[in-house]
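Visitor: I have a protein chain on my screen. Can you show me how to read it?
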Amino acid sequence: MKKLIACFLVLLGLSAHSMAATDNPADLVRDTSRQIMDVLKQENGKNTKQIRQQVEALAVPQFDFQRMTALAVGLGWRQASPAQQSALAQQFQTLLVRTYSTTMTRFKSAQIDIQPNVVLGNSGREATVKSTVTLPGNDKGPVAVDYTLYKTTQGWKVFNVSVEGASLVTVYRNQFNQEINKSGVDGLIKMLQDKNAALPAAK
């Protein structure tokens, strides 16, 4: 799970500049991957407050956390009130960002190779960008990472990732559905709140 989250959030370098610079999802992923790697190499590779704040400030506006959360929650999303949906999206966003923040410098030396051919779907509104991520010292070789983006009026937004075929939202959906079946939507919100309370916030 942590590898899945971390590979997903390697893209936490999306910036308004790069969004405006290209309408090609593959170019977007390639350019923004370089940006985030440049950020991670600052401060001699240390996981400092400044680095975490830079990454979060660049990244959060460029992800569709609402769409991600709706897909991860699944059928339970329709049962949730607007207030519950807002709380779920906020807590899920916090969980992803905080989880990544604790481990992101492990990826400062990663080699990311983006394939130029984009797979379009949903009448051109969705795009899958395929890539491989190689970490130094990983004897198993490159890891296949597929990014899924949705075209909005503000440009392409990332809302899912698959690592070696394992989808982030699907993995979470299994956990979330179990909690909703046991404790309802409020129970899921509390579970996420408890997880976030156990993770360090940016200081």
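This is a predicted model: local features need pLDDT of at least 70, side-chain atom pairs count only at pLDDT 80 or more; totals for chains, interfaces and linings use all residues.

Visitor: How many helices and strands does the chain have?
Guide: Start by counting elements. Here there are eight helices and six strands.

Visitor: In which pattern do they follow each other along the sequence?
Guide: Read from one end to the other. The order is α-α-α-α-α-α-α-β-β-β-β-β-β-α.

Visitor: What percentage of the residues is buried?
Guide: Buried means under 20% relative accessible area. In this chain of 203 residues, 49% are buried.

Visitor: What share of the contacts joins residues 24 or more positions apart?
Guide: Look at contacts with a separation of 6 or more. Of these, 62% link residues 24 or more positions apart.

Visitor: Let us zoom in on L188. Why does L188 count as buried?
Guide: L188 counts as buried because its relative accessibility is 0%. You will find L188 in helix 8.

Visitor: Which residues does L188 touch, leaving out those up to four places away in sequence?
Guide: L188 touches V73, L88, F176, E179 and I180.

Visitor: How far apart in space are L188 and Q178?
Guide: Compare sequence with space. L188 and Q178 lie 10 residues apart in sequence, and their C-alpha atoms are 9.1 Å apart.

Definitions and conventions
Residues are numbered from 1 along each chain as its sequence is written. Side-chain values use heavy atoms; hydrogens and water are left out. Helices (H or I, at least four residues) and strands (E, at least two) are DSSP runs, numbered from the N terminus. Buried means under 20% relative accessible area, exposed over 50%, partly exposed in between (1.4 Å probe, protein chains only). Contact means heavy atoms within 4.5 Å.
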